Amino acid sequence: MYQSKISGLGFYVPDNVVTNEDLSKIMDTNDEWIQERTGIQQRRHIVRGQDTTLSMGVKAANIAIERSGVVKDDIDFIVFATISPDYYFPGPGVELQKELGLKTVGALDVRNQCSGFVYALSVADQFIKTGMYKNILVVASEVQSLGLDMTTRGRAVSVIFGDGAGAVVVTRSDDGSGILSTHLHSEGEHAKELAVLAPGMGGRWVTDIIAENNPEDESYFPYMNGQFVFKHAVVRFSEVIMEGLQANNLQVSDIDMLIPHQANLRISQFIQKKFGLNDDQVFNNIQKYGNTTAASIPIALTEAWEEGKIKKGDTVVLAAFGSGFTWASAIIKW
Ligand code: UT7
């Protein structure tokens with residue numbers, strides 16, 4: 001069986017910085033509340049007409065490809081994770097194939113919310129392990145800002161999320177380095193605790209919502225039962241990290257770098273304390289970018305790598321939890 005490794009990685013965030021102070025001008029919130037509860041100081045929001053989920057994904061992907069040393073013609077497959085596609089269908093994977101000028105390779109769209117990147121990475125890893133493909137482009141990109149309720153009604157959710165994209169090239173490895181294992185979970189029982197319920201074919205479709213024309217309708221904004229999600233997140237993050245370590249006969253002390261999904265700085269700090277990791281062993285950048293859902297892990301992974309915090313031979317752990325509920329981890333020998 002073959003092994004896969006991340007051969008190139010990149011990220012892109014829009015230029016437009018939105019501070020907590022900026023948000024306090026349009027809704028009843030304040031810097032102190034946001035920082036105390038989430039650690040977030042600012043996030044990026046796209047400017048309409050400048051960036052889209054696809055365009056940000058393309059920018060991140062181009063950087064990842066450039067750094068990977070893999071030429072575009074050798075990319076065999078695309079996996080694109082997002083909860084905020086530019087079109088309801090088709091998903092952005094096919095658009096990426098066109099925009100990058102890739103051959104007519106397969107393009108798979110993954111929608112596993114905050115766990116989307118780890119799920120997508122796992123898919124890429126399996127295709128490479130079987131020998132079916134050699135080079136797979138994995139992209140995660142999110143435009144959250146256009147879908148949020150930017151009034152006081154939506155403040156518990158809207159202050160958290162940001163826009164951005166991250167990408168990696170996953171390549172067949174022949175030097176023993178690479179993805180050691182991935183671990184994926186779901187618990188649909190809690191699907192509605194963090195969800196956007198409309199529009200959906202099984203419920204109310206766009207035409208119904210337009211016909212009803214009800215400004216009180218919140219069903220097309222994200223709903224999150226914050227404390228319920230928080231309590232599950234800290235448990236599932238811990239479990240799935242331990243599951244990954246145990247599968248590889250590793251100890252917590254073997255972790256060189258933990259990249260948690262950037263859901264809330266308090267969640268990352270809880271995990272760090274629970275595992276007794278020091279500040280150099282956990283990377284967070286939610287302070288600057290907010291929660292970018294599927295894009296948060298590849299953005300953080302790339303930034304940590306660019307800052308020289310991930311070196312050859314390091315044991316890197318990725319861990320995610322989010323809507324679904326879904327949660328996942330990946331253990332990588334860099
Ligand atoms: O990435 C996917 C996974 N997501 C997560 O893991 C998120 C998990 N949950 C959380 O991070 C936290 O629950 C939040 C940061 C979302 C919320 O923090 P919290 O400590 O659970 O606050 P809360 O929702 O219980 O609200 C506490 C108070 C409420 O006021 P009252 O009822 O006590 O008077 C809210 O109305 O804070 C109020 N509040 C705000 N105040 C100022 C809610 N949002 C805001 C806001 N600014 N933006």
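The model is predicted, so local features need pLDDT of at least 70 and side-chain atom pairs count only at pLDDT 80 or more, while totals for chains, interfaces and linings use all residues. Residues are numbered from 1 along each chain as its sequence is written, and side-chain values use heavy atoms, with hydrogens and water left out.

The chain is divided into domain 1 (3–175) and domain 2 (180–333), with bounds from an automatic or database domain assignment. Taken over C-alpha atoms, the centres of the domains are 13 Å apart. Each domain gives 51 residues to the contact, which means heavy atoms within 4.5 Å.

Between them the domains bury about 3900 Å², of which 63% lies on carbon and sulfur atoms; buried area is the accessible area (1.4 Å probe) that two parts lose on being put together, summed over both. On the side of domain 1, Phe11, Cys114 and Arg153 lose the most area to domain 2, together 17% of what that side buries.

Two salt bridges cross the interface, each a side-chain nitrogen of Lys or Arg within 4 Å of a carboxyl oxygen of Asp or Glu. Glu306 forms a salt bridge with Arg67, and their closest N and O atoms are 2.9 Å apart.

Several elements supply at least two residues each to the side of domain 1 that touches domain 2, among them β1 (3–12), α5 (116–129) and β7 (164–173). Helices (H or I, at least four residues) and strands (E, at least two) are DSSP runs, numbered from the N terminus. The largest share, eight residues, comes from α5.
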